[in-house]
Amino acid sequence: MSNIHTAFENGKAFIAFITCGDPDLQTTAEVVRAAAQNGADLIELGIPFSDPTAEGPVIQGANLRALKGGVTTDKIFDLVRDLRRDVTIPMVFMTYANVVFSYGTERFLCACREIGIDGLILPDLPFEEKDEFLPACRRFGVDLISLIAPTSHNRIAMIAKESEGFLYIVSSLGVTGTRSEITTDLASIVRIVRENTKTPCAIGFGISTPEQAHKMAALSDGAIVGSAIIKLIEQHGKAAATYVGEYVKSMKEALK
């Protein structure tokens with residue numbers, strides 16, 4: 001078991017998503033540290049991919065800017081090595097199956113263990129195909145984190161029973177991005193999850209305001225925010241860390 005459970009030990013967890021290398025890796029390092037210092041309980045680090053199918057325009061833009069800036073998986077591993085000198089909260093990678101495959105699954109997960117990555121989220125990996133990655137994840141002590149979508153229906157119990165790390169509950173149909181309203185019946189999804197596992201669950205996709213975060217965390221064990229943070233980074237560029245820190249602080253306060 002990884003350290004991910006520690007993110008959920010001090011009340012509701014605030015989980016921040018940050019695309020590595022947007023606008024550059026130094027800014028990413030500053031933003032991660034600011035998020036951790038201001039109350040983030042877990043950080044999802046996005047490894048950029050040229051065709052990020054689960055992402056809306058905001059995170060797609062961040063992926064393209066990072067790739068254009070010359071980010072590579074190896075450079076991101078070096079970034080995490082540096083971060084782990086002082087960032088102690090759990091960190092997970094969020095990327096696409098092809099990124100891991102092309103690097104070499106064993107080699108990728110071995111590096112994850114070496115640099116202190118606790119989990120892996122692959123939004124394009126169907127639950128039925130997770131055995132492509134699960135044995136290697138187990139071998140290197142990296143939790144393979146499953147997603148549950150509003151369309152999962154009769155598969156929710158099965159996914160929950162086999163979950164590890166935490167369960168990522170997708171709030172809405174479609175891609176990532178801020179939403180003015182989240183209308184999915186999340187309470188019934190969380191109820192099925194609770195009946196089938198003790199693994200904590202957090203809700204993401206579309207959360208941007210303290211009010212939304214509070215509502216989602218009241219239903220689950222935490223809230224995941226990505227696009228709203230990426231927008232701040234896009235807006236403020238290399239000076240983004242201060243603004244992200246303030247935003248994370250306000251969101252974490254809302255979860256109490």
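This report describes selected features of a predicted model.

## Basis and confidence

The model is predicted, with local features requiring a pLDDT of at least 70 and side-chain atom pairs a pLDDT of 80 or more, while totals for chains, interfaces and linings use all residues. Residues are numbered from 1 along each chain as its sequence is written, and side-chain values use heavy atoms, without hydrogens and water.

The average pLDDT (the predictor's confidence in each residue, from 0 to 100) is 92, and 93% of the residues score at least 70. Residues 174-183 fall below 50, and this stretch has 34 contacts in the model beyond near neighbours in sequence (a contact being heavy atoms within 4.5 Å). Where pLDDT is low, the predicted coordinates should not be read in detail.

Thr 199 lies in the loop between α8 (186-196) and β8 (201-204); helices (H or I, at least four residues) and strands (E, at least two) are DSSP runs numbered from the N terminus. With 13% relative accessibility, Thr 199 counts as buried (buried is under 20% relative accessible area, exposed over 50%, partly exposed in between, with a 1.4 Å probe and protein chains only). Leaving aside residues up to four places away in sequence, Thr 199 touches Ser 163, Glu 164, Gly 165, Phe 166 and Leu 167.

Phe 166 also belongs to the largest nonpolar core, of 97 residues, where Ile 43, Phe 93, Phe 108, Leu 120 and Phe 166 touch the most other members. Such a core is a set of buried Ala, Val, Leu, Ile, Met, Phe, Trp, Tyr and Cys residues joined through side-chain atoms within 4.5 Å. Helix α11 (residues 240-255) gives the most to this core, with seven residues.

## Salt bridges

The whole structure holds 16 salt bridges, each a side-chain nitrogen of Lys or Arg within 4 Å of a carboxyl oxygen of Asp or Glu. Lys 238 pairs with Asp 24, their closest N and O atoms being 3.6 Å apart. This pair links distant parts of the chain, 214 residues apart: Lys 238 is in the loop between α10 (227-236) and α11, and Asp 24 is in the loop between β1 (13-19) and α1 (25-37). Lys 238 is exposed at 62% relative accessibility, whereas Asp 24 is partly exposed at 21%.

Arg 81 and Asp 78 form a salt bridge of 2.5 Å, N to O. Because these residues are three apart in helix α3 (residues 73-83), about one helical turn separates Arg 81 from Asp 78.
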